[in-house]
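Subject: Structure for you to look at

Dear colleague,

I am handing over the structure below, together with a written account of what was found in it. Please have the sequence and the model open beside this message as you read.

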Amino acid sequence: MDLVLNYADSCVLTPYVYPSTWPEENPFRQLISLFIITNLGGLAIYFLFGTLSYYFIFDHSLKKHPQFLENQVTREIKYSVKSLPWISVPTVAIFFAEVRGYSRLYDNIEDSPYGWFGVIFSMLSFLFFTDMCIYWIHRFLHHKLVYKRLHKPHHLWKVPTPFASHAFHPVDGFLQSIPYHIYPFLFPLHKVTYLGLYIFVNVWTISIHDGDYRVPDVLKQIINGAAHHTDHHLYFDYNYGQYFTLWDKIGGSFKNPTSFEGMGPHDYLKRLKESELSSMRNGCGDEKIPSRDSLKNK
Ligand SMILES: [Zn+2]
Ligand SMILES: [Zn+2]
């Protein structure tokens with residue numbers, strides 16, 4: 001994060017914001033700057049990629065699903081925007097420790113223990129390490145002692161949109177982001193790689209809420225995509241993973257997505273439409289669409 005802080009200092013904060021008597025290395029100034037950068041950066045990523053995904057990827061017919069809430073998009077956005085400043089408080093404390101040099105982040109490829117191979121390996125290990133940690137943190141958040149208090153707000157959205165991606169209770173949001181923050185304190189990681197991964201994980205989080213359930217056949221059993229995560233929102237006890245299905249398979253919580261079996265939200269809407277058309281043709285409204293009794297109302 002010091003790359004971003006240095007850039008903000010040299011381009012905006014030092015020449016235009018802070019008095020010239022306040023040195024850039026002052027810890028209090030660094031904390032204030034990190035708070036501003038974390039919040040503005042988080043909002044920029046959320047609104048930029050969330051809006052692109054909402055208008056260009058999200059299938060708006062999903063809004064006709066019976067479990068899509070009234071004013072859901074506005075509520076998702078409001079909840080996210082309210083939570084972000086609270087999530088940023090402990091996050092800034094970790095970024096501060098990074099900026100003060102306590103992490104294992106490095107500047108140059110020459111500092112990598114195994115050169116370019118080390119940089120590429122660290123990207124993969126970052127994904128596998130954070131996927132594993134988030135799986136267990138997410139399972140913990142589903143424990144009956146904490147679920148209602150911390151994680152239920154994120155499950156309010158049964159058929160989520162990209163804007164639900166960051167709509168978490170602040171404690172939930174921070175807990176699930178901890179693996180990203182502790183990785184560079186445990187393992188060496190290139191600073192630019194870290195920034196790239198930070199943006200990637202936010203975009204991925206948006207993508208698993210985008211309602212586009214397509215996955216190449218060869219990856220259907222490996223990648224945890226929107227189809228898997230939508231079923232997590234609908235059926236709760238399955239598909240806790242973030243990028244991969246690995247830990248759900250190890251932990252016995254993997255569920256083949258209903259949309260891969262012709263039973264997903266799009267299929268439900270299709271049957272609903274067919275049922276309405278058939279009722280209109282028959283002149284009566286008593287034809288029933290397939291029941292969703294299997295849904296738990298948690
Ligand atoms: Zn959950
Ligand atoms: Zn979600």
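Read from the N terminus on, the elements of the protein chain follow the order α-α-α-β-α-α-α-β-α-α-α-α, which amounts to ten helices and two strands. Please bear in mind that this is a predicted model. Taken along the principal axes, the C-alpha atoms of the protein chain fill a box of roughly 80 × 40 × 40 Å.

The helix α1, covering residues 2–17, deserves a careful look, since although α1 has 16 residues, its end C-alpha atoms are only 18 Å apart, short of the 22 Å that a straight helix would reach at 1.5 Å a residue. Where does α1 bend? The bend is at D9 and comes to about 55 degrees.

The next helix to consider is α2, residues 27–56, which packs against α1 at an angle of about 95 degrees, with the axes of the two helices 11 Å apart. Angles of 65 to 115 degrees count as roughly perpendicular, and α1 and α2 are therefore roughly perpendicular to each other. In this contact, V4, L5, A8 and L13 of α1 meet Q30, S33, L34 and I37 of α2, and the residues involved divide into six nonpolar, two polar and no charged.

Helix α3, which spans residues 72–99 and has 28 residues, reaches 38 Å from its first C-alpha to its last, close to the 40 Å expected at 1.5 Å a residue. After α3 comes G101, whose phi is positive, near 90 degrees.

Turning to the annotations, an unreviewed UniProt entry lists residues 31–58, 79–96 and 116–137 under "transmembrane region". In the model, the chain over residues 31–58 is 93% helix and 0% strand, with its end C-alpha atoms 37 Å apart, while over residues 79–96 the chain is 100% helix and 0% strand, with the end C-alpha atoms 26 Å apart. The UniProt annotation "domain: Fatty acid hydroxylase", also from an unreviewed entry, covers residues 124–252. Over residues 124–252 the chain is 57% helix and 2% strand, and the end C-alpha atoms are 24 Å apart.

With kind regards

Terms used. Residues numbered from 1 in each chain as written. Chains lettered and ligands numbered in written order. Predicted model: local features only at pLDDT ≥ 70, side-chain atom pairs only at ≥ 80, totals over all residues. Helix = DSSP H or I, 4+ residues; strand = E, 2+ residues; numbered from the N terminus. Expected span 1.5 Å × (residues − 1). Bend = angle between axes of the 7 residues up to and from the residue. UniProt positions renumbered as here; feature names shortened; annotations may be inferred. Axes fitted to C-alpha atoms, helices over the stretch in contact; angles between N-to-C directions. Parallel < 35°, antiparallel > 145°, perpendicular 65-115°, else oblique. Contact = placed C-beta atoms within 7 Å. Nonpolar A, V, L, I, M, F, W, Y, C, P; charged D, E, K, R; others polar.
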